Amino acid sequence: MTDKDKQFLNRINAYANEKLGDIEPQKTPVSAQLEQLKPVMMEIAKEESISLEDVFIKYMDLATEAAVEREKWLQEGLG
């Protein structure tokens, strides 16, 4: 993951923590969670001159990659 990718992911995650901090992710539909993230994703789309869908896809890809890296780091630490 590049530094630019990390900044992208961190920006959306920081916004999510601010807007979604008090919800229960398991009890809140993903569609409702994504709707809350739409403003920051639209802002990024405009800045990058890409579609909202491309921002969403990139976010999901990077979030998955970060989760895999975290899991690998935890396994190495425990193993």
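What share of the contacts with a separation of 6 or more in the protein chain comes from residues 24 or more positions apart? In this predicted model, such residues account for 58% of those contacts.

**Figure 1. Overall architecture of the protein chain.** The protein chain holds three helices and zero strands, arranged along the sequence in the pattern α-α-α. The C-alpha trace spans about 45 × 30 × 20 Å along its principal axes.

**Figure 2. Burial and surface of the protein chain.** Of the 79 residues in the protein chain, 22% are buried.

**Figure 3. Geometry of the packing between helix 2 and helix 3.** Helix 2 comprises residues 30–48 and helix 3 comprises residues 52–78. Their axes lie 9 Å apart, and the two helices pack at an angle of about 110°. Angles of 65 to 115 degrees count as roughly perpendicular, and helix 2 and helix 3 are therefore roughly perpendicular to each other. The crossing in which helix 2 passes helix 3 is right-handed.

**Figure 4. Residues at the contact of helix 2 with helix 3.** Helix 2 contributes Leu-34, Leu-37, Lys-38, Met-41, Met-42, Ile-44 and Ala-45 to the contact. From helix 3, the contact is made by Leu-52, Val-55, Phe-56 and Tyr-59. Sorted by class, the contact has 10 nonpolar residues, no polar residues and one charged residue.

Key:
Residues numbered from 1 in each chain as written. Predicted model: local features only at pLDDT ≥ 70, side-chain atom pairs only at ≥ 80, totals over all residues. Heavy atoms only, no water. Axes fitted to C-alpha atoms, helices over the stretch in contact; angles between N-to-C directions. Helix = DSSP H or I, 4+ residues; strand = E, 2+ residues; numbered from the N terminus. Parallel < 35°, antiparallel > 145°, perpendicular 65-115°, else oblique. Left-handed = near helix turned anticlockwise from the far one by under 90°. Contact = heavy atoms within 4.5 Å. Nonpolar A, V, L, I, M, F, W, Y, C, P; charged D, E, K, R; others polar. Buried < 20%, exposed > 50% of the residue type's maximum accessible area, 1.4 Å probe, protein only.
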